[in-house]
Structures are given as C-alpha cells and as structure tokens.
Amino acid sequence: MEHASELQKGLARLIDVIEHNSSHITLKSSGIWTNTGWHREAGSIDACEIVCFFEGETLFTIGDREYTSRSGEIYWYDLSEKSYCEAGNFKIYFLTLVSDSADVFEQLQQGIQNISPAQPFRSSDSIERAFQRILSEEARKKPYMSTLVSHLLSEIVIDLYRQYEPERHSAAEFPYEPRRGMITDEVMKILNVKYQEDIT
C-alpha cells in the first residue's frame, strides 16, 4: 500500500502541474498507432507521451523497463528516454505533450518520472472515452479545443489517481432511500414559502 500511496502523490503532483499550467502545455500530436513497432534512441526530444494499448499485445521497453504490453494498459514516459516497441498485432492511442516553458516542461518530466511504476496503469471506459474525445478535438480543431483537451488530460490522471484509492463502504451498506429525499424536498418547499413566519 505504501507504493500505491507514493504513486498517488506523484499523480496528484501531475494533476497540479496540468491544472495550473494548462496554457503552457500543448498537445503536439495525437492519433492511433497500429502494428508497426519503433526503436527510438535516447536523445533530447523535449516531449512526453502517453500511450494507451486498446487492442492486442506486444513487447514494449521504456529506458531499462521492459513490459509485455496488453490491451487496457497505459504508459507515460519522457521521449528523451530510449523506447522500443516490437512490431506485432496491436493498436494504441497516443498523445504527445510539449510545453513553451522550460520550467513547466521540467515539472511535467519530473511528474512523469514520479509515476513510472513497475507495472503499467490500467485503463478504464472513462479513460478510453477521454482519449477518443482528445483525438476527435485534435482532428476537428473547434473553438476552446486546448481548454477542453487540458480538462480531458486532467480527467485521465484523476481516473488513474482514483485507482489507488482504498476501498470505500459499498452502496449496500448505505442504501439509497428515496422517501428520505422526498421528505427533505417537502421541508425545503415549506421553508421557501414560509421563511418569514415563525416556523416550528
């Protein structure tokens, strides 16, 4: 659980970086990558990437960390690190982020280094929808695109953060009671009408 706590702290810092510096973080490119592998040497590419495998399986290496990547897994990494993806039968969403501020980009890099786990993050329906919406926004370039993309990026990281939340009480332990809500509504109606009277 301690490891999960550290990951949560890293994800919280990354959320903070994105939320407070959204005007300095830009989506450089996005899309769907299929089947073709790549071999990228370490270098000075000032960009970070998020990839979400949504179909198939392949061998994926980031720096010295090697993964057998499967559908439903997400990776964040700094493009200055070497990376290798074996050709195969797979599909991924990818988002490439850059910044016009060296300081903000350094914070983004640091945030991503802090969340590089031994195991990849798990995707979810809401994360996949966020990826799809970002790709759609990038293709259509409608007004306020960058603002919406920033919110969707935050949504992805918040969803990942919540994966490490401890189990809460189930809904069965606290059943919803419609009648209680109805009584509250009635009381509110009376208060709204008779607020100037001496109500007991």
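This is a predicted model: local features need pLDDT of at least 70, side-chain atom pairs count only at pLDDT 80 or more; totals for chains, interfaces and linings use all residues.
Glu-57 stands opposite Asn-89 in strand E7, and Glu-57 also stands opposite Arg-70 in strand E4. Residues are numbered from 1 along each chain as its sequence is written, and side-chain values use heavy atoms, with hydrogens and water left out.

**Overall layout**

The protein has 5 helices and 8 strands; helices (H or I, at least four residues) and strands (E, at least two) are DSSP runs numbered from the N terminus. Read from that end, the elements follow the order α-β-β-β-β-β-β-β-α-β-α-α-α. Of the 200 residues, 39% count as buried, where buried means under 20% relative accessible area, exposed means over 50%, and partly exposed lies in between (1.4 Å probe, protein chains only). The accessible surface comes to about 12,300 Å², and 51% of this belongs to carbon and sulfur atoms; such areas come from the Shrake-Rupley method with a 1.4 Å probe, and for residues only the protein chains shown count as cover. For contacts (heavy atoms within 4.5 Å), 79% of those between residues at least 6 apart in sequence join residues at least 24 apart.

**Strand E3 and its partners**

Strand E3 covers residues 48-62. Because 11 of its 15 residues are buried, E3 is largely enclosed by the rest of the structure.

| Pairing | Bridges | Residues standing opposite |
|---|---|---|
| E3 and E7, antiparallel | 9 bridges | Glu-57 and Asn-89 |
| E3 and E5, antiparallel | 6 bridges | Ile-50 and Trp-76 |
| E3 and E4, antiparallel | 6 bridges | Glu-57 and Arg-70 |
| E3 and E6, antiparallel | 3 bridges | Thr-61 and Tyr-84 |

E3 and E4 form a hairpin with 2 residues between the strands, and there Gly-63 takes a positive phi near 60 degrees.

**Nonpolar cores**

In soluble globular proteins, nonpolar side chains tend to be buried together. A nonpolar core is here a set of buried Ala, Val, Leu, Ile, Met, Phe, Trp, Tyr and Cys residues joined through side-chain atoms within 4.5 Å. The largest one has 37 residues, and those with the most contacts inside it are Ile-74, Trp-76, Leu-95, Leu-108, Phe-121, Phe-131 and Ile-156. At least two residues of this core come from each of H1, strand E1 (25-34), E3, E5, E7, helix H2 (102-114), helix H3 (125-140) and helix H4 (145-162). Apart from it lies another core, of 15 residues, including Val-51, Phe-60, Ile-62 and Tyr-75.

Leaving aside neighbours within four places in sequence, Leu-95 is in contact with Leu-27, Ser-29, Ser-30, Cys-48, Glu-49, Ile-50, Phe-131, Ile-134, Leu-135, Leu-153 and Ile-156. One of these, Ile-50, is also the residue that stands opposite Trp-76 in E5.

**Salt bridges**

Side chains of opposite charge can pair when their charged atoms come close. With a salt bridge taken as a side-chain nitrogen of Lys or Arg within 4 Å of a carboxyl oxygen of Asp or Glu, a search of the whole structure finds 6. Three of them are described here.

Glu-6 and Lys-9 meet at 3.3 Å, N to O. Both lie in helix H1 (residues 2-20), 3 residues apart, about one turn of the helix. Glu-6 is partly exposed at a relative accessible area of 41%, and Lys-9 is partly exposed at 42%.

Lys-91 lies in strand E7 (residues 89-99) and Glu-55 in E3, so the pair ties together parts that are 36 residues apart in sequence. Lys-91 is partly exposed at 32% relative accessibility, as is Glu-55 at 37%.

Glu-81 also forms a salt bridge with Arg-65, where the closest N and O atoms are 3.6 Å apart. This pair links distant parts of the chain, 16 residues apart: Glu-81 is in the loop between strand E5 (73-78) and strand E6 (83-85), and Arg-65 is in strand E4 (residues 65-70). Glu-81 counts as partly exposed at 24% relative accessibility, and Arg-65 is partly exposed at 22%.

Conventions: Two strands pair if DSSP finds at least two bridges between them.
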